[in-house]
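Please look at the model below and follow its parts one after another.

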Amino acid sequence: MADQTFRLPDLGEGLTEAQLVAWRVEEGATVEVNAPLCDVETAKAVVVIPSPFAGTVRKLHARPGESVAVGEALVTISASDGVAAEATPGTLVGYGPGAPESGVRRKARTAVAPVESGADVRAAPFVRQLAKEKGVDLAQVSGSGPGGRITRADVEAASSSPAATSSPAAADGERRISVVGIRKAIARQMVRSVSTIPQFTEFAIFDASNLMAAREQRKASGRPMTPLPYFIAAVVKAVQAYPLMNSSWDEGRDEIIVKQPINVGIAVNTTHGLLVPVLRAADKLELGATSEQSAHLIEGARAGTLPPGQMSGGTITVTNVGASGPVETGTPIINPPECCVVAFGAIKPRPMVVGGQVVARSGAWISISVDHRIVDGALATEFLTALVAELESIRA
């Protein structure tokens with residue numbers, strides 16, 4: 001038996017730290033190779049970290065709610081001889097190489113409600129965050145999910161009961177929310193976007209009659225589909241006609257990098273904030289595959305189960321701002337280092353001129369924000385015109 005200290009690895013995305021959400025083991029417990037050790041929240045996703053060693057847990061070096069730097073001690077395991085994983089120190093099994101060992105200091109965080117090691121509380125990280133915000137003690141909540149797992153509905157119900165505790169608040173009624181993990185990353189990304197990218201926005205309205213007819217036909221045949229896959233397919237075709245929209249600006253060399261695969265980021269509203277999972281090689285997918293894969297990504301983003309690798313590498317982003325309300329349009333902010341973001345508003349009846357007559361037709365606004373270093377107004381207009389044409393020519 002030899003003590004092995006497992007240090008937080010880089011999860012393959014160049015991250016520098018992660019927040020410990022919950023331990024899945026306790027000191028004195030026996031673990032096997034690849035058994036889940038803990039849940040951590042990075043700037044992009046919630047990740048389950050497996051054990052690279054088999055043996056007995058001797059020491060947990062961090063508490064839930066603390067931020068742990070890459071390369072810092074996470075857990076010490078008294079490993080059984082010959083059963084260590086074939087991973088080098090600092091390597092996360094199934095993810096990739098980690099950073100060298102370092103002595104970066106750890107500092108406490110308070111964004112996640114603390115959970116004592118070994119506490120039998122089963123809840124997803126976003127549920128824990130919601131409980132924190134609503135002042136609900138998860139130890140006092142009975143879970144209605146599979147295996148007693150606490151759901152969002154359980155927290156909502158507990159927060160509305162007379163016995164629920166109030167949210168943390170100052171005497172004057174103010175409430176402070178610690179910004180860490182995904183929310184912190186979103187804030188930094190948005191500041192980077194508006195402070196480093198000279199961006200402008202253009203708008204258009206498209207006739208969605210053909211799109212809605214195609215949806216009705218698919219529904220009648222037992223293959224229902226949301227508008228999103230049609231939006232993505234139209235964006236891909238427009239990008240193929242105007243490849244410069246699928247590019248980025250190299251700030252170090254003052255060069256434009258035109259991307260080959262069209263990896264479409266899909267903006268998803270979650271309890272963590274706005275996440276952007278990436279539909280890779282969207283230009284290679286048929287409409288049905290686009291629908292299935294995008295639905296999987298959206299579900300995973302909302303559940304907090306996507307690995308970091310599926311939350312990066314986008315080359316152009318789409319956001320359906322009309323999906324959750326009667327939002328007409330907006331000025332979307334570019335997701336660096338991309339060149340363009342496309343926003344779709346709500347589809348609803350609108351007055352349109354058809355054959356010289358004003359008639360009610362299904363329609364929606366589109367807005368695109370582009371990097372003016374790469375794209376000028378004329379090219380943006382051509383791209384938007386092509387996008388409208390693709391949407392209006394949809395056939396079932």
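The buried residues of helix 4 pack against strand 10 (199-207), helix 5 (227-241), helix 6 and helix 7 (377-392). Helices (H or I, at least four residues) and strands (E, at least two) are DSSP runs, numbered from the N terminus. Buried means under 20% relative accessible area, exposed over 50%, and partly exposed in between (1.4 Å probe, protein chains only). The model is a predicted one, in which local features need pLDDT of at least 70 and side-chain atom pairs count only at pLDDT 80 or more, while totals for chains, interfaces and linings use all residues. Residues are numbered from 1 along each chain as its sequence is written, and side-chain values use heavy atoms, with hydrogens and water left out.

Which residues of helix 4 are buried? They are Leu 211, Ala 214 and Arg 218. Seen down the axis of helix 4, these residues fall within an arc of 65°, so they line one face of the helix. The arc is that of the directions from the helix axis to the C-beta atoms. An α-helix has 3.6 residues a turn, so residues three or four places apart point the same way. The face of helix 4 turned away from the buried side carries the exposed residues Lys 219 and Ala 220. Helix 4 covers residues 209-220, and its twelve residues reach 17 Å from the first C-alpha to the last, close to the 16 Å expected at 1.5 Å a residue. The expected span is 1.5 Å times one less than the number of residues. Just after helix 4, Gly 222 takes a positive phi of about 80°.

Helix 6 can be read in a similar order. Its 17 residues should span 24 Å at 1.5 Å a residue, and the end C-alpha atoms are 24 Å apart, which agrees. Among the buried residues of helix 6 are Thr 290, Leu 297 and Ile 298. The buried residues of helix 6 pack against helix 5, strand 13 (264-266), strand 14 (268-270), strand 15 (273-275) and strand 16. After helix 6 comes Gly 304, with a positive phi near 75°.

Next come the aromatic rings. Rings of Phe, Tyr and Trp (its six-membered ring) pair if their centres lie within 6.5 Å; planes under 30 degrees apart count as stacked, over 60 as edge-to-face and the rest as tilted. By this rule there are two aromatic pairs. The rings of Phe 206 and Phe 231 have centres 6.4 Å apart and planes at 90°, so this pair is edge-to-face. Phe 206 lies in strand 10 and Phe 231 in helix 5, so the pair ties together parts 25 residues apart in sequence. Phe 231 also forms a stacked pair with Phe 344, at 3.9 Å centre to centre and 5° between the planes. Here helix 5 is linked to strand 18, with Phe 231 and Phe 344 113 residues apart. Both Phe 231 and Phe 344 are buried.

Most residues other than glycine have a negative phi, and most peptide bonds are trans. Asn 34, in the loop between strand 3 (30-31) and strand 4 (36-41), has a positive phi near 75°. Ala 281 has a positive phi of about 50° and lies in the loop between strand 16 (278-279) and helix 6 (287-303). A cis peptide bond joins Pro 336 and Pro 337, with omega about 5°.

Technical notes: Contact = heavy atoms within 4.5 Å.
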